[in-house]
Amino acid sequence: MDCETKLWLVVLFFFSATYMQHCVVGEPQVPCLFIFGDSLSDSGNNNKLRTDARVNYLPYGIDFPSGPTGRFTNGRTAVDIISNNSILRISLFRIMGCNWSCTEILRLEPRGPRFKFHQKSLGYAQLLGLDDFIPPFANTGASDILKGVNYASGAAGIRKETGTHLGEDICLGLQLQNHKVIVSQITEKLGSADQAQQHLNKCLYYVNIGNNDYLNNYFLPEHYQSSRTYSPDQYAAALAQEYSMHLKDLHALGARKFALIGLGLIGCVPHEISIHGKNGSICVEEESNAALLFNDKLKAVVDRYNEELFDAKFIFINSAVVSHQTLQLPLPKDVIICCKVGSNGQCIPNEEPCRNRNLYPFFDEFHPTEIVNQAIARSAYNAPIPTYAHPMDISHLVKL
């Protein structure tokens, strides 16, 4: 690839690594993590559902320690990375003529049309510091539910009907019902409701949902009525209202620390460009603008609940910022998507993906590669610019 097509990767690593903290491995910063969301966070809840939104096959998981698990990427999801102690592991590769190893990071300085590179040592980067990946609700098994559960479901949304043209999924309301089951089990395990509440009050609640309410609902008029019922602003308001009700339900169940992840620039997703884009368009502006409307209303929910629910703290992570930095550069399709995809935009089973997955922003036509998830995770945990997290990032939230 030439220099121009590599610019997205340079920006990505600069954005991710420049702001990383140097620290040593220590005690977990929270005792537990509960995850709600869609395919960006799903770790296997869809594996036994009757749905096309199921990816427990290669090449998904090709870089994950235990292989395919139901994660919609080649390796770890963003919340996987947030939950664990992680070292930024980068395979040896050449970028713009400069070698980059797993013990070096590149810092950029503009110099005409190219960049000047500096080496910088990189130590451990402790995020939440949990010992293991959070298990999916569908397979808690012998896992210690006191450390958390992942309820996220591919194709799921805030609205019940979202994504159902693909088959079954677990919408946000049903994810809350599953959490109630776990809360009951935790109460039984700890011996009293008071002890369960004290434990649950200390946990982090990570919610990343809403993308499918646009990609697999509003912008699919052949399957759903929502775009004929609501204007974009009305739809964003309706979603935010329903979302806020579920947050209050979570609060009633003991949640006190909420990290709400906003929508990315969904119009820059390769599948949307291929279906709804115009000739030569980088992104579908109508779709990205709709997502930004929702983000504004979700941020307002954060402000309102921080005033009303004085015993809780809500933060908003502005995913559109990192999307703008990493995914809106004019790259040809063959250097954006890593795997061979079918008509549904997902990887064709058992087809060999690209070899150097660190060079591709998307694994399939919807989902980022692990290398992009690293940037998203680290920026959510330790925000590199003030507009990325409101009113604080995850690293500050968990210290409250």
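This is a predicted model: local features need pLDDT of at least 70, side-chain atom pairs count only at pLDDT 80 or more; totals for chains, interfaces and linings use all residues.
Local features need pLDDT of at least 70, side-chain atom pairs count only at pLDDT 80 or more, and totals for chains, interfaces and linings use all residues. Residues are numbered from 1 along each chain as its sequence is written, and side-chain values use heavy atoms, without hydrogens and water.

**Exercise 1.** Work out which strands stand at the edges of the open sheet.

*Solution.* Start with the order, β1-β6-β7-β8-β9, in which the pairing is mixed. Strands here are DSSP runs of E with at least two residues, helices are runs of H or I with at least four, and both are numbered from the N terminus. Two strands pair if DSSP finds at least two bridges between them. Next, look at the ends: β1 (33–37) and β9 (389–390) each have a single partner strand, so one side of each is left without a neighbour in the sheet. Finally, check β9: it pairs with β8 (residues 313–317) in the antiparallel sense over two bridges, and Ala 389 is the bridge partner of Ile 317.

**Exercise 2.** Decide whether Glu 370 is buried or exposed, and find its contacts.

*Solution.* Then list its contacts (heavy atoms within 4.5 Å): beyond neighbours within four places in sequence, they are Thr 73, Asn 74, Gly 75, Arg 76 and Ile 81.

**Exercise 3.** Find the helices that lie across β8.

*Solution.* Take α7 (residues 232–252), which lies across β1, β6, β7 and β8.

Notes
Axes are lines fitted to C-alpha atoms, for helices over the stretch in contact, and angles run from 0 to 180 degrees between N-to-C directions.
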